[in-house]
Structure formats: structure tokens, C-alpha cells
Amino acid sequence: MPWRSVRGHDRVVDSLRSTVRSGRLPHALLFVGPEGVGKKTFALTLAQALLCEERPESDLEPCGTCPGCVQVEAGTHPDLLVVGRPEDKQELPIKVIRDLCDEFGLKPARGLRKVAVVDDVDAMNDEAANAFLKTLEEPPPGAVLILIGTSPEQQLETIVSRCQVVRFEPLPPEELASLLLEKGVTSEPAEALKLAALADGSVGRAVGLADPELGRYRRDLIDGLCSERGFDPGEQVKRLDAFAKQAGKESSAQRRRVRLMVWELARLFRGVLWQTAGLEPPSPDPEDRRAIARLAERLEPEDVFVLADRAMEADFHLQRNLYMALILESLFHDLAKVINPRAQS
């Protein structure tokens, strides 16, 4: 995993490399930024560089061929610990954190240090976070902890104060479009740019939106909400539930589909806010802009704030693995209360 495979974060690479060369590499790093921009890939590449057995640490560049690098790539390095929230859990369990801390305290098996990557720290409850504090305060010599979340505000202050916060930005549209073409997500440069603009700098979101079925359902959903006749919230819930189930039997795949659509609703309402402020909505899709214009004519800005907030709240609950049907029923019921009276007046 050479750094050239990590796209759009050269500033962060240069900053960390400078820190390592000055001998000031912190024992705990908190990576924050939007989902799907490559924070975990970055963390694993950093771990590979720190565990590389051929190149000096000051280079912060994994050779990719030594036994240490090969084991990191294969996910079998004994001194690299990677944990995250299980897909069937609402929170990052305290047992996962305690087991990590116990293993992290053992002597390295191959070299001079251990590296731990802890994903989904936004989902770490207070009990689990407090169990983590001693390890953060007194890590083993040379050990490095890399925590991955979306925002420092999501973490306990006691966690943030013991870490160096490293901020990741959304990938620039041109960089993301190039990456989509390289990965074969699409072969059309214009489509890649459109997906990049819709994805707000997130590779994961762009890949999801590239699904033709998702694109068709997205169009129907947005046009249905913007209809002059209003919409039936119960019917919308049934349709989104049926669409989610087309992703397969795995609940995680279904939830990802729903989260993409809820995010698209939030994007729609954000565009309406731009329109009501007299600005051009940041959407590359002319049909989206027409839908935005229809809603902007009917809604007051304070109503749109409510709609956007409800969409983001629903996404938060979906992340926490709460009961999906109940989340969707509540969301579409609240959207109908705001949108439908204006549609029917």
C-alpha cells in the first residue's frame, strides 16, 4: 500500500512525514473527516510504513516487499491490531476495547512497536471510551494508536485531549473522478465527474451512486417528494424498504442503500436552501435543479432547515444500527408534515 495508492491527502502525508523526521510522532492519532474519503486506507498505509523492516522510519514510506509489509498487506501482521464496530452492533462494544488493550500491552512479536487501528470510534460509548483511557495515557514504548472517526465533537474530551487530531478533507472532484475511472466504476469521464460531484468527495458514496438501479430509484424518490400532489409517506417507506431488499439478504448491504438515499435527501434539501438564498444549487443534475426549484417555491427557509436536519438525524440513527423500518417511518412522516401541506394548498 504505497502512498501513491492514497489519493487526495498529500497534505496529510507531508505533515506526518515531517513530524516523524523531527522525532515527534505522537503515540495516538485521531483521524477525522467525512466517511468514504480513505481514512482507514490511510491508517493501514501508515501502519505499514511504521512496521516496514527495510526502509528507515524517517522515510515513512513502506517498501511493500519485506516480511513486515507483506504481512500488513495480508492482514496477518502480529503487531498490527485492527478493530471496529461489529456490523450487528449499535456501538463499539467495551469487550472489543478491553481485548484490544490487553493484546496491545504485550511485547511486539516482530519489531520494536505495535500499531493499533480503531475504526468507528464515533460509536464508542462512554464506558468503552473510559476503558481506553489508561492505554491512551500510558501506551507501550514505541506503540502507535490510530483512531478513526468523523468529528472530534463525537468523542469524549478525555479522548481528544490525548490524541493528535488529523483532519481529512473530501476528495477534490477531479481527483475522485480520476479514481473512479481507474477503478473501472465507469468508463465515461463525464459520468465520473457527475458521480464525483454528487458524492461530495466520498469514494464509497460515488461507487454506490454508480449503480444504475440506484440512480433510477433516486430519480423516482426525489421527483415523488417534489410532486405538486404531495406524497404518501407510508407508500414511500414501502418502496424504499423494497428497494433496500434488492441489495440482497445482508442487512449491512440494505442499510448502505438506505443511507445513500437518505443522504441524497439531505443533499436535495441543502440545494433548496441555496436556491432560497438566491444562489445556484450545487448540483450537476438538471433534473435535480428543477426539483429543487419546485420545492424552493413552496417552502420557507426554516422549513428546509427542518427537513435537512431530519434527514441527517435519520442517517445518524441508521449508522447506529437502530431499527431501520422505524427510522424510515418517522422520517417520511415528518417530511410529509412539512412538504405536503404546501403541496396541497
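## The central sheet

In strand S4, Ile146 is the bridge partner of Val117. This is a predicted model, where local features need pLDDT of at least 70 and side-chain atom pairs count only at pLDDT 80 or more, while totals for chains, interfaces and linings use all residues. Residues are numbered from 1 along each chain as its sequence is written, and side-chain values use heavy atoms, with hydrogens and water left out.

Val115 also has a counterpart in S4, standing opposite Val144. S3 and S4 (residues 144-148) pair in the parallel sense over four bridges; two strands pair if DSSP finds at least two bridges between them. Helices (H or I, at least four residues) and strands (E, at least two) are DSSP runs, numbered from the N terminus. Strand S1 (residues 28-32) also pairs with S4 in the parallel sense, over four bridges, and here Leu30 has Leu147 of S4 as its bridge partner.

Zooming out, the five strands make an open sheet with parallel pairing, in the order S2-S3-S4-S1-S5. S2 (80-83) and S5 (164-167) stand at the edges with a single partner strand each, so one side of each is left without a neighbour in the sheet. From one strand to the next, the twist averages 15°; axes are lines fitted to C-alpha atoms, for helices over the stretch in contact, and angles run from 0 to 180 degrees between N-to-C directions.

## How S4 is enclosed

Five of the five residues of S4 are buried, so the strand is largely enclosed by the rest of the structure. Buried means under 20% relative accessible area, exposed over 50%, and partly exposed in between (1.4 Å probe, protein chains only). Val144, Ile146 and Ile148 point one way from S4, Leu145 and Leu147 point the other way, and all are buried.

## Helices H4 and H5

The axes of H4 (residues 94-104) and H5 come within 8 Å and cross at roughly 10°. That makes H4 and H5 roughly parallel to each other; angles under 35 degrees get this label, those over 145 count as roughly antiparallel, 65 to 115 as roughly perpendicular and the rest as oblique. On the H4 side, the contact is made by Ile94, Ile97, Arg98, Leu100, Cys101 and Phe104. H5 brings Glu127, Ala128, Ala131, Phe132 and Thr135. Contact means heavy atoms within 4.5 Å.

## Aromatic pairs

There are five aromatic pairs in the structure. Rings of Phe, Tyr and Trp (its six-membered ring) pair if their centres lie within 6.5 Å; planes under 30 degrees apart count as stacked, over 60 as edge-to-face and the rest as tilted. Take Trp3 and Phe42: the ring centres are 4.7 Å apart and the planes are at 50°, so this pair is tilted. Trp3 lies in the segment before helix H1 (10-21) and Phe42 in helix H2 (residues 39-51), so the pair ties together parts that are 39 residues apart in sequence. Both Trp3 and Phe42 are buried, and together with Phe31 and Phe168 they form one aromatic cluster.

Tyr217 and Phe243 make a stacked pair, at 4.4 Å centre to centre with 10° between the planes. This one links distant parts of the chain, with Tyr217 in helix H10 (residues 212-225) and Phe243 in helix H11 (residues 233-245), 26 residues apart. Tyr217 is buried at 7% relative accessible area, and Phe243 is buried too, at 4%.

## Charges over rings

Phe243 has a charge on its ring as well: the charged end of Arg257 sits over it, 4.1 Å from the centre. A charge sits over a ring if NZ of Lys or CZ of Arg is within 6 Å of the ring centre and within 35 degrees of the ring normal. Arg205 does likewise with Trp263, its charged end sitting over the ring at 4.0 Å from the centre.

Trp263 lies in helix H12 (residues 251-276) and is buried, with a relative accessible area of 19%. Leaving aside neighbours within four places in sequence, Trp263 is in contact with Asp200, Arg205 and Met312. Trp263 and Ala311 are 48 residues apart in sequence, yet 7.1 Å apart in space, C-alpha to C-alpha.

## Positive phi in two loops

Asp120 is a residue other than glycine with a positive phi, near 60°. Asp120 lies in the loop between S3 (115-118) and H5 (126-137) and is partly exposed, with a relative accessible area of 28%.

Asn321, also not a glycine, has a positive phi near 65°. Its loop runs between helix H14 (301-319) and helix H15 (324-344), and at 17% relative accessibility Asn321 counts as buried.
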